[in-house]
Amino acid sequence: MSRSDSYGYRFMVSRVSGFLVVAIAWLLLVAAPVAAADSRLSEFLAKVTPQQFFNGADRFGPLQGEPPLAPVYAGDLLLGIVYLNADFATATGYSGKPIEVLVGLDRDAAVTGLALVEHKEPIVLVGVPEKKVVEAVNKLIGTRIAPIASGQAKAPQPDIISGATVTVLVMADSVVRSAVKIVRSGRLAGAGGAPAAAAPGVVAPVLRTVDLARQEQRDWESLLGDGSVRRLHLTIADINEAFAKSGNAAAIANPEPGDPDETFVELYVALASVPTIGESLLGEAGYAQLLRRLKPGQQALLIAGDGLYSYKGSGYVRGGLFDRIQLLQDGNAARFRDRDHERIGSLAAADAPDLREIGVFVVPEETGFDPVEPFQLQLMVQRATGVRDKAFLSVDLGYTLPEAYVKREPPATTVTTSASGSTSASAPPAAAAAGAGSLEEPFWKQMWRRDTVSIAVTIVALVVLTGIFFFQNALVGRPVVYVWVRRAYLLFTLVWIGWHANAQLSVVNILTFANALMTGFSWDHFLTAPLIFLLWTAVAAALLFWGRGPFCGWLCPFGALQELTNTIAKALRIPQFPVPWGLHERLWPVKYIVFLGLFGLSLYSVGYAEQMSEIEPFKTAIVLKFVRDWPFVVYAVVLLVAGLFVERFFCRYLCPLGAALAIPGRLRTFEWLRRWSECGSPCQRCAVECPVQAIHPEGHINVNECIYCMHCQELYFDDHRCPHMIQVRLKRERREALTSPSMRGGKGPTRPVVTAGGRPAAAPATADT
């Protein structure tokens, strides 16, 4: 490539990068999701036939009411209705988008048919056919909803499919909850068991509410003793017996190993929004923080667990949904997402045990949860029965708020019944202030205090790295010292930041941050992970000074792993394969395409984008330390092996995080990397020796690709390897040689000697004179 072509190419890249910055900023600020106000029922009815829901049906009638219902007829005979689940109940899965299901109900409130009409779930990524998911949810066909709506029966559970657990459960929950709402509203003709609507103006005899005025500090034993905290304890023997009773042959053939008396799971639940319970378990500061988070009338649960089995699981890490627990009340079911959850380090109540998992879960508003009515926390226990197959078992932990926390009084105003059949009343004015206590520091500060040592180590490491960059000239002027300082820091990054602290940054962090900006941003969520927050703060600041290099070249654990393994490969004389410049120049844009693809996908579905971000091997190689399913391990190992022959192969061509950082990195303020006029023409040494080929043949450093390893700066000052510095050294040596005493014919200083003719003559000075 000629010099003029190269400059033109650089100009084009600069303009394209600037366009990408503007485009992404526009997407973040403008392209926020907008909820559609109108139902899509009529749109979806055009894709199905009445016969899919009722035998003998021949037509859909005109839509009725709001949200709309579609009557189904056989001739003039009304058979039942068809409706869209998302019009009546939330149905959000891993994707963050509604799972749209058409539901048929006959006049006796029995489910007659289901049709999955639209979804954006990434179930194909785990190899689960859509047909299999639909078949699992179809187990609900024939379910009578009236007994569930009246509280006489529990909602049935669909068949669970490994790899699509959350999707199946969300679909089933939304079908049952939406049907219950319709039955209770009285809109379904002949729906037996539906409660009658209260006549306007009828005054309820007693209104039961939470007594917000009662506030006291209580110890753990008293809370457990009166039922303020409920407990479920299962041993290994208990869970093996439960699976045996389920009749699942595969589960019976794979019993839980270990001592039969060992605790399999110990689960606790409490209503943390009740003042006495909340203050006792969270402390005044923690409870005050919870109150600030809750909306008027909203409730929260404290759920804690211990033992071999985790009630949280890992589903919320991958897709933001806790798939092992759900809240059940009066036929309604509610699931918790990561935004509803806040991790708690320890319980504040006196004599409380140390438990492995403690969290506060805010109950979603749309569930209509009533804190004074009984409810159940349902735990789903999973058991592996094969490489991909699992068996499932549900266990309920019931909870009823003790009467001591319930206030009974005649309502001051008329009580009416809503469309859902539930009564409502305004909370007393004092409710907002009840339990406010001392407005002390937010809870995330407590988490920072718990990680004081790790935070201190991280800050020291960042300060050291800042010193390395600010005093880089002094460091690279001593090549041996520089090499060992760099290797030591990379080893620290890999072992401590990566494998020990699991603080590997990922493109998922960027996608989550962008999604939070569009859907409801809160610093509290990001501050609860101190090391990740510190590293991202440092990276953001470094972008203004040095671009993406400080992270990619020094703070990325996987990048450090690649470089260290390549260093060992070079020591073992494994051949290195330089990529031809023309090919290299066309391969490095691939990572930008990958990032833009992930970013665009995240606007459609964050869950889907997180699944696709597995192109980063960070989770496999760093977080899970290669303890993972073999396809992921093979992929990570292949990238590392490629890096033995082409240094930092993944960083150069595939890393979406590096691409994401390079785009804003073009806004850096300073130029810290020095170049000589001879760099690139004629000298090519830096370009040839650059570990990631970030130096163009004409000598220009592409900061988008530079990992700031400082090798070019080491050469810049080296007067035995840099041609420019070699010439400087030779000139200096020649000048020194010309002014040396030996070049003047003597070995020491001279002094004048007067001869007989009176003319001075030079005479060598000797020791005697």
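**Exercises on a predicted model**

At 5% relative accessibility, P550 counts as buried. The structure is a predicted model.

**Exercise 1.** Find the element that holds P550 and list the residues that P550 touches, leaving out those up to four places away in sequence.

Solution. Step 1: P550 sits in helix α18, residues 549-555. Step 2: its contacts beyond four places in sequence are L465, F469, A542, L555 and Y708. Step 3: C706 is 156 residues from P550 in sequence, yet their C-alpha atoms are 9.5 Å apart.

**Exercise 2.** Describe how helices α14 and α19 are arranged.

Solution. Step 1: the axes of α14 (residues 479-500) and α19 (residues 557-571) come within 9 Å and cross at roughly 130°. Step 3: the crossing of α14 and α19 is left-handed. Step 4: among the contact residues are L490, L491 and L494 of α14, and A560, L561 and L564 of α19. Step 5: by class, this contact has 8 nonpolar, 3 polar and 3 charged residues.

**Exercise 3.** Decide whether each partner in the salt bridges K591–E705 and E647–K570 is buried or partly exposed.

Solution. Step 1: the K591–E705 bridge is 2.6 Å, N to O. K591 lies in helix α21 and E705 in the loop between α27 and α28, so the pair ties together parts 114 residues apart in sequence. Step 2: buried means under 20%; K591, at 0%, is therefore buried, and so is E705, at 4%. Step 3: in the second bridge, the closest N and O atoms of E647 and K570 are 2.9 Å apart. Step 4: E647 is buried at 9%, whereas K570 is partly exposed at 42%.

Key
Residues are numbered from 1 along each chain as its sequence is written. This is a predicted model: local features need pLDDT of at least 70, side-chain atom pairs count only at pLDDT 80 or more; totals for chains, interfaces and linings use all residues. Side-chain values use heavy atoms; hydrogens and water are left out. Axes are lines fitted to C-alpha atoms, for helices over the stretch in contact, and angles run from 0 to 180 degrees between N-to-C directions. Helices (H or I, at least four residues) and strands (E, at least two) are DSSP runs, numbered from the N terminus. A crossing is left-handed if the near helix is turned anticlockwise from the far one by less than a right angle, and right-handed if clockwise. Contact means heavy atoms within 4.5 Å. Ala, Val, Leu, Ile, Met, Phe, Trp, Tyr, Cys and Pro count as nonpolar, Asp, Glu, Lys and Arg as charged, and the others, Gly among them, as polar. Buried means under 20% relative accessible area, exposed over 50%, partly exposed in between (1.4 Å probe, protein chains only). A salt bridge is a side-chain nitrogen of Lys or Arg within 4 Å of a carboxyl oxygen of Asp or Glu.
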